[in-house]
Amino acid sequence: MVIKVFLASSSGSTAIKKKQQDVLGFLEALKVDYAPLDIACNEDNRMWMRENVPVEKKPTNGIPLPPQIFNEESYCGDYETFFDAKEDNAVYAFLGLPPPPGSKEAKEAYLLENGPVENGTIVNGTDDAEDEENLEAEEENIDDDTLKREVPMEECNRDEHTEEVEAEVGGETGEEAAEEAAEEKVAEEKEAVKDTEESLENTAPVKEEEAQEEAEDEEAKGEDDQPVSEQEEEDE
């Protein structure tokens, strides 16, 4: 199928020239094959265009102005309808051509005709290979984002680990130091109790001896204080 674009190469209207350039430039951008047909230098082209434009599409004076677009013998439209189709991403439908696979227009056309398909070979106008590539790309992006979020946590853990290692290398950890301090305190208390017991043991015999000596002194004193008997007096 060949797209025919009827135009006037020697038109004196600046507006017509601009419209013709817009149509041809857009078709070239889409890589659509077309045939420009000049109505200014070819009477047959001019007559064929006027005869094949539908009556309802002709202006009130009955003479259609270029550019006029046909797909073989089928009328597509004038510049205004072409512009509307371009704005709606429906140029291929306007031209009566199938949109290329993967294009935005192909996706929209497929969704309108069939709706979304989850387990088919084509989803939203793309094949399974394209879907797999898109999925892999999304997974890579997710992994990158996850790594970016995890880096600060890893740095934090690394700092904590470094502090623990430095504490272990330079001395004991806080918990071990506390335990050792408690053990030393208990040992000191035990040593103090032991010293007290030994002191008491050493002091007890001395006190017993002192008590015995005091008792003997008391007895001796008592004997001296007893009254002298009559016989003893007589003997004297």
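Helices and strands are DSSP runs, numbered from the N terminus. In these terms, the protein chain reads β-α-β-α-β-β-α-α-α-β-β-α-α-α along its sequence. The secondary structure comes to 8 helices and 6 strands. The model is a predicted one. The chain has 236 residues, of which 19% count as buried. Among contacts with a separation of 6 or more, 50% join residues 24 or more positions apart.

The mean pLDDT is 75, and 59% of the residues reach 70 or more. Among the elements, strand S3 (residues 68-71) has the highest mean pLDDT, at 98. The lowest, 49, belongs to strand S6 (residues 126-127). Over residues 165-172 the pLDDT is below 50. Beyond near neighbours in sequence, that stretch has 4 contacts in the model. Where pLDDT is low, the predicted coordinates should not be read in detail.

An open sheet is formed by 4 strands. Their order is S2-S1-S3-S4, and the pairing is mixed. Strands S2 (34-38) and S4 are the edge strands, each pairing on one side only. From one strand to the next, the twist averages 25 degrees. S1 and S2 run parallel and are joined by 5 bridges. S3 and S4 run antiparallel, with 4 bridges between them. Here Ile69 stands opposite Gly77 in S4.

Strand S1 (residues 3-7) is largely enclosed by the rest of the structure, because 5 of its 5 residues are buried. Both of its faces are covered. Ile3, Val5 and Leu7 are buried on one side. Lys4 and Phe6 are buried on the other.

Helices lie across the sheet strands. Helix H2 (residues 43-52) lies across S1, S2, S3 and S4. H2 runs at about 80 degrees to S3. Helix H3 lies across S3 and S4, at about 85 degrees to S4.

In the loop between H2 and S3 lies Pro67. A cis peptide bond joins Pro66 and Pro67, with omega at about 0 degrees. Glu72 lies in the loop between S3 and S4. The phi of Glu72 is positive, near 55 degrees, in a residue other than glycine. With a relative accessible area of 31%, Glu72 is partly exposed.

Helix H3 spans residues 79-87, and its buried residues are Tyr79, Phe82 and Ala85. Seen down the helix axis, these buried residues fall within an arc of 125 degrees, so they line one face of H3. They pack against helix H1 (14-29), S3, strand S4 (74-78) and helix H4 (91-95).

Asp78 caps the N-terminal end of H3. A side-chain oxygen of Asp78 lies 3.4 Å from the backbone nitrogen of Glu80. Beyond the helix, H3 is followed by Asn89. Asn89 is found in the loop between H3 and H4. Its phi is positive, about 55 degrees, although Asn89 is not a glycine. Asn89 counts as partly exposed, at 34% relative accessibility.

Thr81 also has its place in helix H3. The relative accessible area of Thr81 is 30%. Buried means under 20% and exposed over 50%, so Thr81 is partly exposed. Leaving aside neighbours within four places in sequence, Thr81 is in contact with Cys76 and Phe94. Thr81 and Phe94 are 13 residues apart along the chain. Their C-alpha atoms are separated by 8.2 Å.

Technical notes
Residues are numbered from 1 along each chain as its sequence is written. Side-chain values use heavy atoms; hydrogens and water are left out. pLDDT is the predictor's confidence in each residue, from 0 to 100. Helices (H or I, at least four residues) and strands (E, at least two) are DSSP runs, numbered from the N terminus. Contact means heavy atoms within 4.5 Å. Buried means under 20% relative accessible area, exposed over 50%, partly exposed in between (1.4 Å probe, protein chains only). The arc is that of the directions from the helix axis to the C-beta atoms. A polar contact is a pair of N or O atoms within 3.5 Å; within protein, one must be able to donate a hydrogen and the other to accept it, and residues adjacent in sequence count only if both atoms are side-chain atoms. Two strands pair if DSSP finds at least two bridges between them. Axes are lines fitted to C-alpha atoms, for helices over the stretch in contact, and angles run from 0 to 180 degrees between N-to-C directions.
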